[in-house]
Amino acid sequence: MSGPRDTTLVPLHRTPHARRTLVGLSFFGGGTAAYQPWTGHMPAHTDLVVVCYPGREGRFAEDFARDWDELANDVARSLREADLGPYILFGHSMSGWMAFDVASRLDGDEALRPRALVLSSCNAPDRGLTDSELLPTPQDPDERLLEWLETHGLLPRHVREHAGLTEVALELMRADVDVRNTFVYRGAEVSVPLQVFFGADDPLISTDAAVRWSALTSGAYRYDVLGGGHFYTPEIWQSLPSRIAETTFAPTGPVS
């Protein structure tokens, strides 16, 4: 990939003779920077590329997506047009739902669909948006939005201490909240192998999440319970690529 595509599919790690690409989706309320810690922990022969949503970073001049379908179509189109070769699609939190939705849209094309889908810190979408997943709300004042971003590790100190960057972060978050609120589950399923990570102390994850996810793929399935909360611990988060299985998965259960 080169030229304009690098603003949408941002390459963070390249390795000679790569055999696959790990594709991460930008977090809702964030961008590609959260994946930087992964670059020192990539498996052998694996590239790392992060999809940047419109309206941020290298796509700052573009309009934000107006709703869920528009953003999902943008991501799916980017993956269709890219020459990635074999790839694994990853999404964290609300972008886990986006990764699942996009994978379902590509599922009918064996050449374009991911070899596996890996989701992190998200409930199964068939239960719809819960009260906790509807936070923050469009009506929340700026300070409450900033508090939410800080609580979930999406507001670095240098951003919080810079008025201009804080304003950008708020604009981005409000745009993503608007997109999130238009999500509707329409019965999507996938046939590719599915791996799901949960944090043992994540209050947002329901007790039936693992069972619900297992019903949404006809492929191999595993789930792993990791230490920490929504973003696990810093050590676990940065080493997460090494925990992503190949396209066949071992028995499921809690791991440290």
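This is a predicted model: local features need pLDDT of at least 70, side-chain atom pairs count only at pLDDT 80 or more; totals for chains, interfaces and linings use all residues.
Residues are numbered from 1 along each chain as its sequence is written, and side-chain values use heavy atoms, with hydrogens and water left out. Local features need pLDDT of at least 70 and side-chain atom pairs count only at pLDDT 80 or more, while totals for chains, interfaces and linings use all residues.

**Exercise 1.** Work out how helix 2 (residues 68-81) and helix 3 (residues 94-106) are placed relative to each other.

*Solution.* 
1. Helices are DSSP runs of H or I with at least four residues, numbered from the N terminus; strands are E runs of at least two.
2. The axes of helix 2 and helix 3 come within 9 Å and cross at roughly 60 degrees. Axes are lines fitted to C-alpha atoms, for helices over the stretch in contact, and angles run from 0 to 180 degrees between N-to-C directions.
3. Angles under 35 degrees count as roughly parallel, over 145 as roughly antiparallel, 65 to 115 as roughly perpendicular and the rest as oblique. Helix 2 and helix 3 are therefore oblique to each other.
4. Residues in the contact (heavy atoms within 4.5 Å) include Trp 68 and Leu 71 from helix 2, and Trp 97 and Met 98 from helix 3.
5. By class, this contact has eleven nonpolar, one polar and four charged residues. Ala, Val, Leu, Ile, Met, Phe, Trp, Tyr, Cys and Pro count as nonpolar, Asp, Glu, Lys and Arg as charged, and the others, Gly among them, as polar.

**Exercise 2.** Describe the packing of helix 4 (residues 142-151) and helix 6.

*Solution.* 
1. The axes of helix 4 and helix 6 are 10 Å apart, at an angle of about 85 degrees.
2. This angle makes helix 4 roughly perpendicular to helix 6.
3. Among the residues that meet are Leu 145 and Trp 148 in helix 4, and Leu 170 and Met 173 in helix 6.
4. Seven nonpolar, one polar and two charged residues make up the contact.

**Exercise 3.** Find the cis peptide bond and the loop that holds its proline.

*Solution.* 
1. Leu 135 and Pro 136 are joined by a cis peptide bond, with omega about -5 degrees.
2. Pro 136 lies in the loop between strand 5 (116-120) and helix 4.

**Exercise 4.** Locate His 45 and state its phi.

*Solution.* 
1. His 45 is in the loop between strand 2 (20-25) and strand 3 (46-51).
2. Its phi is near 60 degrees, a positive value in a residue other than glycine.
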